[in-house]
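Here is a friendly note for someone opening this structure for the first time. Please keep the view beside you as you go through the points.

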Amino acid sequence: MLNPLLFLLILLLVFSKINHIENFGLYALSGLVFWNFISSSILQVLTSFIDNASILKSINLHPFSFPLSAIVAALINLALTLVPFFILMFFLGYQLNFSLLAVIPLLLITAIFILGVGMALGTLNVFFRDIQLLWTTIIPAFFYFTPIAYTPDLLPESTRYLLKLNPFYYFIESYHDIFYRSVVPNSFNLMVCTLLALFSFLLGYTLFKKYRKGFISNI
Amino acid sequence: MTQSESIIQLKGVDICFYVQENGFISLKDFVLNIGKYSFLKKQFVLQNINLDIKKGESIALLGKNGSGKSTLLRTLSGIIEPEKGQINIHGKVAPLLGLGVGLEHELSGIENIKLSCALMGMTQYETKQLMPEIIEFSELGDAIHWQVKRYSTGMMSRLSFSIAIMKQPEILLIDEVLSVGDIGFQHKCLKKVSDIKEAGATIIFVSHNFAEAQNMCSKAALVNNGTITHYGDINEIGPIYHQLFEN
């Protein structure tokens, strides 16, 4: 909760000079809130197997319940933090409109994406404990690779396509559409998000299913 | 149901561990050694386990440390899937495999009772009904409202044992968790387990305290070298068990 607020302050102080868009505050805030949600809940799903090692070893629960409970907890947490953020967004000039309804399916798609990525990395993390460290090191790099502190048109035309190689780009841009541009998310972006979510969930679940028999002996 | 009906049947069960052959714990090691070794290696822990336990029997599992007793209990409780063989269990299993599992240290005793009951698959209604009994059995008094992080080890064991034991199970698996608390509580626990037994439950009991096992169980299974070498009356298995440690 405080983390994105402080970050917002930094972004406003540092980046508002180079971003010449209208209402940079709202742009940065809407990106930050959901970036924080995505990056922190992937980490929670990722560590859910390791964190619950003792339960995994002595209570007969399906191991899938751990990542699932991590993502549900993260969603509840997000719902609670959204209340103060909405108030702040109104101060920054957000106006309520119907495109807000699109946030529900978008969150669902995002949650599936998070679950997939988190489970894939989390399964590997049972066997290679440095995955977790690698992830926490890489994620700040992704933050600057995703247009949150800046707008895509700040980059020269020739390099702008690089941003589209980043899966997080499509999610954050969709949230920007809803909260900053007050429009229903771009359908192409939304489609890419859905495909990414399905692909990552399939990958995560397949890895999890294949290697879960090794959990007990390696956790 | 007749008294001689089988409640647990294991036929030719093999149980494996999947271990990383060279103990890679970091991705770096794995990448540097890629192709040299396979990722996960099968390691047999228990092989060709055959057991036929009748309803209402109580069995002691005896064996050295690391012989696979706990792994066998985990398999019976469904936490580990067997590699091969057939397991038939007719009844609800209550595993008591570790105390203090699932206790959340920031929450109070009461809240932890609710949490643990939920983890064991009880409904809110059941939990509410069992709550006074659990609190009374644990003898924690006012401490039940404290955060669990302020508990001593003994108090924590009292709490989690009380939670685990309260619901009358059909099959109770106990893994060396009875030697907790002070003597008074130990006796109380043993008495409770006997009561559960009297009520018709089947008990599988792992202990290194042979006298205790003898007290509790009529039969014993000796686990050695990755399989059950002897199975029968506990008084016959006793000398064989003690012989293991003579060399």
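1. Let's begin where the two chains meet: 18 residues from chain A and 23 residues from chain B take part in the contact, where two residues count as in contact if their C-beta atoms, placed from the backbone, lie within 7 Å. On the side of chain A, the elements that give two or more residues are helix 4 (53-58), helix 7 (130-145) and helix 10 (215-218). Helix 4 of chain A gives the most, with four residues. By class, the side of chain A that touches chain B has eight nonpolar, six polar and four charged residues. Here Ala, Val, Leu, Ile, Met, Phe, Trp, Tyr, Cys and Pro count as nonpolar, Asp, Glu, Lys and Arg as charged, and the others, Gly among them, as polar.

2. A word on what you are looking at: this is a predicted model, in which local features need pLDDT of at least 70 and side-chain atom pairs count only at pLDDT 80 or more, while totals for chains, interfaces and linings use all residues. Residues are numbered from 1 along each chain as its sequence is written, and chains are lettered from A and ligands numbered from 1 in the order in which they are written.

3. How confident is the predictor in chain A? Its average pLDDT (the predictor's confidence in each residue, from 0 to 100) is 91, and 100% of the residues score at least 70. Among the elements of chain A, the lowest mean pLDDT, 83, belongs to helix 1 (residues 2-15), and the highest, 96, to helix 9 (residues 187-211). Chain B has a mean pLDDT of 86, with 93% of its residues at 70 or more. For the complex, the predictor gives an ipTM of 0.80 and a pTM of 0.87.

4. Helices (H or I, at least four residues) and strands (E, at least two) are DSSP runs, numbered from the N terminus. Axes are lines fitted to C-alpha atoms, for helices over the stretch in contact, and angles run from 0 to 180 degrees between N-to-C directions. The contact of helix 2 with helix 5 of chain A holds 13 nonpolar, two polar and no charged residues.

5. Another pair in chain A is helix 8 (residues 167-179) with helix 9, packed at an angle of about 130° with axes 9 Å apart. Helix 8 and helix 9 of chain A are therefore oblique to each other. Among the residues in contact are Y170(A), F171(A) and E173(A) of helix 8 of chain A, and L190(A), C193(A) and L196(A) of helix 9 of chain A. This contact of helix 8 with helix 9 of chain A has seven nonpolar, two polar and one charged residue.

6. Finally, chain B is divided into domain 1 (1-92 + 170-247) and domain 2 (99-168), with bounds that come from an automatic or database domain assignment. The C-alpha centres of domain 1 and domain 2 of chain B are 26 Å apart. Nine residues of domain 1 of chain B touch seven residues of domain 2 of chain B. On the domain 1 side, six are nonpolar, one is polar and two are charged.

Conventions
Angles under 35 degrees count as roughly parallel, over 145 as roughly antiparallel, 65 to 115 as roughly perpendicular and the rest as oblique.
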